[in-house]
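Open the structure in your viewer and keep the selection tool at hand.

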Amino acid sequence: ILQIGSPNSNVGRILFSDPEDANIGDIKYTHSTNTLSFRTNDANQLELTSDGRGLSQFTAKAWCNFNGTSTPAFRDSHNCSSLTDYESGQVGVNYTNNMANVNYSAVVSSWGGYAASCGPNDLTVSKVTAVTSNGSAYSDHSQIMVQVFGD
């Protein structure tokens, strides 16, 4: 058993070093925020938050699968708090935790039982709008999936 103890106001840390760099990597637990972070090559690469989210450049910041017909409803989601039905074929996906900026990537895919087109619209730090159509007009789809990557 390896146990690293520290006061609640401090951090517990395993430090990795080499002759050129005293803290090239580490594994750190921060008690004040209950987060566990992994650092490689002098940069934080992954942080696991107290609510179980994994934050990094290689994990989705938000994703959801929802029914876009009638009253839109989540089947499952991560970092998505609610859906806003603006009109036929336009549903806002609201984030639980905002994005750092609007320079993120959002992908929307859908299936409505016919040839369809879809995509993201109106990216803000707090939401993205999933837009779906039947090829000629906005239309609700029964299967809509959204994935968001960025800061």
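On a 1 Å grid over the protein atoms alone, a pocket is an open set of points where a 1.4 Å probe fits, with protein on both sides within 12 Å along at least five of seven lines. Its volume is the space filled by probe spheres set on the points, which are joined across faces, edges and corners. This is a predicted model: local features need pLDDT of at least 70, side-chain atom pairs count only at pLDDT 80 or more, and totals for chains, interfaces and linings use all residues. Residues are numbered from 1 along each chain as its sequence is written, and side-chain values use heavy atoms, without hydrogens and water.

**Pocket.** The largest pocket has a volume of about 150 Å³. Select its lining (residues with an atom within 4 Å of a point), including Arg-53, Lys-61, Asn-97, Met-99 and Asp-151.

**Core.** Next, select Phe-66, Val-93, Tyr-95, Tyr-104, Val-128, Val-146 and Val-148. Of the 17 residues in the largest nonpolar core, these touch the most other members. Such a core joins buried Ala, Val, Leu, Ile, Met, Phe, Trp, Tyr and Cys residues through side-chain atoms within 4.5 Å; buried means under 20% relative accessible area (1.4 Å probe, protein chains only).

Move to β2 (residues 21-30) and β3 (residues 35-40), antiparallel and joined by five bridges. Strands here are DSSP E runs of at least two residues, numbered from the N terminus; two pair if DSSP finds at least two bridges between them. Thr-30 stands opposite Thr-35. In the turn, Asn-34 has a positive phi of about 55°. Finish at the β3 and β4 hairpin, where Asn-41 takes a positive phi near 50°. Phe-38 has Leu-46 in β4 as its bridge partner.

Conventions. Buried means under 20% relative accessible area, exposed over 50%, partly exposed in between (1.4 Å probe, protein chains only). Helices (H or I, at least four residues) and strands (E, at least two) are DSSP runs, numbered from the N terminus.
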